[in-house]
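These notebook entries set down what I looked up in the structure shown below.

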Amino acid sequence: EVFTDVEGNVWMASDGQGLFRYSGTQFTGLDETMGLPSAQVTAIASNYRDSLFLGTYDAGLFVFKDGKISPLSFPSAPVPAITSLCYTAKSKLWIGTRGRGLWSYEKGVFRQYVAPDRNFPSNFVNSIFEDDNERLWIGFANGAILYEHDSFKTLQTKGRRINAFLSIGRDSMLIGEENGLLLYAGGEI
């Protein structure tokens, strides 16, 4: 997982090496020796103000703020493996997990969304992406969902494993699946 913050730093999460920041001139590592509870950082997101959210495979969810790492206590045990994070324009953190569904976190409250509720194809979330229209695209191990206007809509991906999303224009989306790409345009795939 890679993203660029508002200061131009490039942050890279790694599955076993911790978290890295590239400032344009040097790399800085953040790992277990600096307080990160796990080197398996599988997801990263930012609120684009002062905090990074770090999802780990084996230790839960954390906030990196003012140079310090703090846990964000998950309301269930054991803590699920976190596979993806997305902080939206409306200040909500969405959390994808391996086998425990989709979660949202807003104003100190967690909410869980699981299959078969809302016609989710499974509880294995691979990717979450917010487009410029504030729609949330959620990729699963066997399908995809579009969240807009407070409702979930199943996308016709024929049970494919959805790994990534990329906006291409105002109304189109490239959807990365296990064997290539799908195009979402005009409300259809």
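I took a residue as buried when its relative accessible area is under 20%. The model I examined is predicted.

Entry 1, burial. I looked up Phe 120 and found a relative accessible area of 5%, so Phe 120 is buried. Phe 140 has 0% relative accessibility and therefore counts as buried. Across the chain, buried residues make up 46% of the 189 residues.

I counted pairs of rings whose centres lie within 6.5 Å. Tyr 105 and Phe 110 form a tilted pair, with 4.5 Å from centre to centre and 45° between the planes. Both Tyr 105 and Phe 110 are buried. Phe 120 and Phe 140 also form a tilted pair, at 5.2 Å centre to centre and with 55° between the planes. This pair links distant parts of the chain, 20 residues apart: Phe 120 sits in the loop between β12 (109-113) and β13 (125-130), and Phe 140 in strand β14 (residues 136-140). I noted one aromatic cluster formed by Trp 94, Tyr 113, Phe 120, Phe 140, Tyr 147 and Phe 152.

I found 19 strands and 0 helices. The radius of gyration is 16 Å, which agrees with the value near 16 Å for a compact globule of 189 residues. The C-alpha trace spans about 45 × 40 × 30 Å along its principal axes.

The chain exposes about 9,800 Å², of which carbon and sulfur atoms supply 47%. I recorded 17 positive and 21 negative side chains, the centres of the two sets lying 5 Å apart.

Key: Residues numbered from 1 in each chain as written. Predicted model: local features only at pLDDT ≥ 70, side-chain atom pairs only at ≥ 80, totals over all residues. Heavy atoms only, no water. Phe/Tyr/Trp six-rings, centres within 6.5 Å; stacked < 30°, edge-to-face > 60°. Buried < 20%, exposed > 50% of the residue type's maximum accessible area, 1.4 Å probe, protein only. Helix = DSSP H or I, 4+ residues; strand = E, 2+ residues; numbered from the N terminus. Rg over C-alpha atoms; globule rule 2.2 N^0.38 Å. Areas by Shrake-Rupley, 256 points an atom, 1.4 Å probe, with all protein chains shown as cover. Lys, Arg positive; Asp, Glu negative; His and termini not counted. Charge placed at Lys NZ, Arg CZ, Asp CG, Glu CD.
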